[in-house]
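Here is a friendly walk through a protein model for someone seeing it for the first time. Keep the structure open beside the text and look up each part as it comes along.

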Amino acid sequence: MRNLVKFAGMAVLIAGLAACDGNTSDKAAADKGAPAAAASTTAVPVSLLDGKVAFSLPQGMSDQSGKLGSQANNMHVYADKTGQKAVIVILGDNTTESLEVLATRLQDQQRARDTNLQVVTNKSIQVNGQTLQQYDSIISSAGQQAYSSIILGKVDDHLLTIQISLPADNQQQAQTDAEAIINTLKVQ
């Protein structure tokens, strides 16, 4: 359970830092690869756990795991070149606690760090016949707001945590963009 709390905390921290990163030196380096990225007009498929977890990233997002996560710690990070849009996937140790209990604990931890936390939804969803928990909120970090959609599930004896973090300037658009990613999710 401590590992889940640690990984969830890391995910929130990384998403907050990525959303608030205004580092222009990275942007100049990223712009050098922009023509190749602009040529792609389709979603980028992602497959983990030998295909047991799959989803598609929107155009402009790419694997940043080498910078912020690694295969060794079972954390995968996908982000756009600005770092404001991110999808973080953590494959942690399985737990006997229910997904609802984990989502409630996550909410309590976020509320302890952010008294202005706005919970959008905390509900069970069905993906390929499996029950997952979706917890959406608006979190504040360093004066900026981010829309966070977290999916919790148990897949292949792992606790799966997927956090989608998007700028919350336009909550409706952020929610639509997060749902578009979630709608591509496949679990076996």
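Strands β7 and β8 run antiparallel and are joined by 9 bridges. This is a predicted model, where local features need pLDDT of at least 70 and side-chain atom pairs count only at pLDDT 80 or more, while totals for chains, interfaces and linings use all residues. Residues are numbered from 1 along each chain as its sequence is written, and side-chain values use heavy atoms, with hydrogens and water left out.

A word on terms: helices (H or I, at least four residues) and strands (E, at least two) are DSSP runs, numbered from the N terminus. Two strands pair if DSSP finds at least two bridges between them.

Back to β7 and β8. Ser 137 sits opposite Ser 148 in β8. The two strands make a hairpin with 2 residues between them, and Ala 142 takes a positive phi near 55 degrees there. On to β6, which pairs with β7 in the antiparallel sense over 9 bridges. Val 127 faces Gln 130 in β7. These two strands form a hairpin as well, with 2 residues between them, and Asn 128 in the turn has a positive phi of about 50 degrees.

Where does Thr 121 lie? Look in strand β6. Thr 121 counts as buried because its relative accessibility is 18%, and buried means under 20% relative accessible area (exposed is over 50%, partly exposed in between; 1.4 Å probe, protein chains only). Setting aside neighbours within four places in sequence, Thr 121 is in contact (heavy atoms within 4.5 Å) with Gln 134, Tyr 135 and Asp 136.

Zoom out, and these strands belong to an open sheet of 7 strands in the order β3-β4-β5-β9-β8-β7-β6, with antiparallel pairing. Ala 86 is set opposite Ser 165 in β9. Helix α5 (residues 99–113) lies across β6, β7 (130–141), β8 (144–155) and β9, at about 5 degrees to β7; axes are lines fitted to C-alpha atoms, for helices over the stretch in contact, and angles run from 0 to 180 degrees between N-to-C directions.

There is also an open sheet of 3 strands, in the order β1-β2-β10, with antiparallel pairing. Its edge strands are β1 and β10 (186–187), each pairing on one side only. β1 and β2 run antiparallel and are joined by 5 bridges. Ser 47 has Ala 54 in β2 as its bridge partner.

Here are some of the strand pairs side by side:

| Strand pair | Sense | Bridges |
|---|---|---|
| β6 and β7 | antiparallel | 9 bridges |
| β7 and β8 | antiparallel | 9 bridges |
| β1 and β2 | antiparallel | 5 bridges |

Now for the inside. A nonpolar core is a set of buried Ala, Val, Leu, Ile, Met, Phe, Trp, Tyr and Cys residues joined through side-chain atoms within 4.5 Å. The largest one has 29 residues, and Phe 55, Val 87 and Leu 185 have the most contacts inside it. β1 (44–48), β2 (53–57), β5, β6, β7, β8, β9 and α6 each supply at least two residues of this core. Apart from it lies another core of 11 residues, among them Leu 99, Ala 103, Leu 117 and Ala 146.

Not counting residues up to four places away in sequence, Leu 185 touches several residues, including Phe 55, Val 127, Asn 128 and Ile 162. Ile 181 is found in helix α6 (residues 171–182), and is buried because its relative accessible area is 7%. Leaving aside neighbours within four places in sequence, Ile 181 is in contact with Phe 55, Ser 56, Pro 58, Val 87 and Ile 164. The C-alpha atoms of Ile 181 and Ile 164 are separated by 8.4 Å, with the two residues 17 apart along the chain.

Finally, the whole chain: it has 6 helices and 10 strands, and 41% of its 188 residues count as buried. pLDDT, the predictor's confidence in each residue from 0 to 100, averages 81 for the chain, and 75% of the residues score at least 70. Over residues 1–40, pLDDT stays under 50.
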